[in-house]
Amino acid sequence: EPGCAIRYTVWGDSRTYPEACAAVVASMAPFNPYFNMNVGDVVETGSVLAQWKEQYFDPIRPLGHEVPNYISIGNHEQNVKYYYDRVHFPNPTGLSQDESFFSFTYGNTFFVVLDTNKPHFPIDGKKAPQVMWFEAIIASEEAQAATWRVAFGHLPGYSEGWNPGDCSYSGSDGVRTYVIPTLAASGFHAYFAGHT
């Protein structure tokens with residue numbers, strides 16, 4: 001019901017580890033989420049069809065046929081046809097290549113989902129379609145009327161690194177210098193990401 005409090009799950013980077021993913025899903029199921037949000041990398045190699053069943057659909061089965069599942073596409077999905085054949089999300093432009101970024105309101109919360117594999121910040125003063133859509137949607141009446149405003153993307157703005165002792169990755173500059181400040185200026189409460 002519009003305006004009501006909701007419960008949802010967030011997890012990601014479950015690729016390659018279907019047993020661990022299944023355990024995480026089993027731990028979330030008792031909370032009876034209204035939907036599930038994955039921050040990407042649901043498979044190791046998006047172009048390998050069998051992985052979609054083995055690494056994503058089988059492990060999420062306890063929640064997958066009970067509640068909706070949304071994905072903020074990761075780099076391992078490879079933007080392949082298999083992804084678009086298996087998920088259908090709101091499409092802001094009507095163009096099939098733009099189904100990887102979208103927004104929706106559920107209960108009292110507005111959600112914006114970015115595709116951080118595509119241009120998601122202005123480059124040399126030019127704004128790609130996703131950037132123009134992003135700026136408009138987070139300032140929209142629908143977004144601003146929500147009690148909570150939350151965003152998702154695969155790339156983090158900040159990261160401690162890849163593995164213990166490997167501090168070679170500190171996060172995405174575009175997310176850190178454009179996405180997060182732009183969300184903050186529009187009163188967003190959280191940005192969830194994965195990748196590392």
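**Strands, ring pairs and a buried threonine**

Q: How many bridges join E1 to strand E2?
A: Strand E2 covers residues 35-38, and E1 and E2 run parallel. Strands here are DSSP runs (E, at least two residues; helices are H or I, at least four), numbered from the N terminus. The number of bridges that join E1 to E2 is four.

Q: At what pLDDT do side-chain atom pairs count in this predicted model?
A: Residues are numbered from 1 along each chain as its sequence is written, and side-chain values use heavy atoms, with hydrogens and water left out. The model is predicted: totals for chains, interfaces and linings use all residues, local features need pLDDT of at least 70, and side-chain atom pairs count only at pLDDT 80 or more.

Q: Which strands are the edge strands of the open sheet?
A: The sheet has three strands in the order E1-E2-E3, with parallel pairing (at least two DSSP bridges between two strands). Two of these strands pair on one side only. These edge strands are E1 (8-11) and E3 (69-71).

Q: Which residue of E2 is the bridge partner of Trp 11?
A: Trp 11 falls within strand E1, which spans 8-11. Four bridges join E1 to E2. The partner of Trp 11 in E2 is Asn 38.

Q: What is the centre-to-centre distance between the rings of Phe 35 and Tyr 70?
A: Phe 35 lies in strand E2 and Tyr 70 in strand E3, 35 residues apart, so the pair links distant parts of the chain. Ring pairs of Phe, Tyr and Trp (its six-membered ring) have centres within 6.5 Å, with planes under 30 degrees apart stacked, over 60 edge-to-face and the rest tilted. With 90° between the planes, Phe 35 and Tyr 70 are edge-to-face, and their centres are separated by 5.4 Å.

Q: Why does Tyr 83 count as buried?
A: Tyr 83 and Tyr 84 form an edge-to-face pair, because their planes are at 90° and their centres 5.0 Å apart. Tyr 84 is buried with a relative accessible area of 15%. Tyr 83 counts as buried because its relative accessibility is 0%.

Q: Which backbone nitrogen does the side chain of Thr 116 reach?
A: Thr 116 stands in the loop between strand E5 (109-113) and helix H5 (129-138), and counts as buried because its relative accessibility is 5%. Beyond residues up to four places away in sequence, Thr 116 touches (heavy atoms within 4.5 Å) several residues, among them Gly 153, Val 175 and Tyr 191. At 3.1 Å, its side chain reaches the backbone nitrogen of Leu 155.

Notes
Buried means under 20% relative accessible area, exposed over 50%, partly exposed in between (1.4 Å probe, protein chains only). A polar contact is a pair of N or O atoms within 3.5 Å; within protein, one must be able to donate a hydrogen and the other to accept it, and residues adjacent in sequence count only if both atoms are side-chain atoms.
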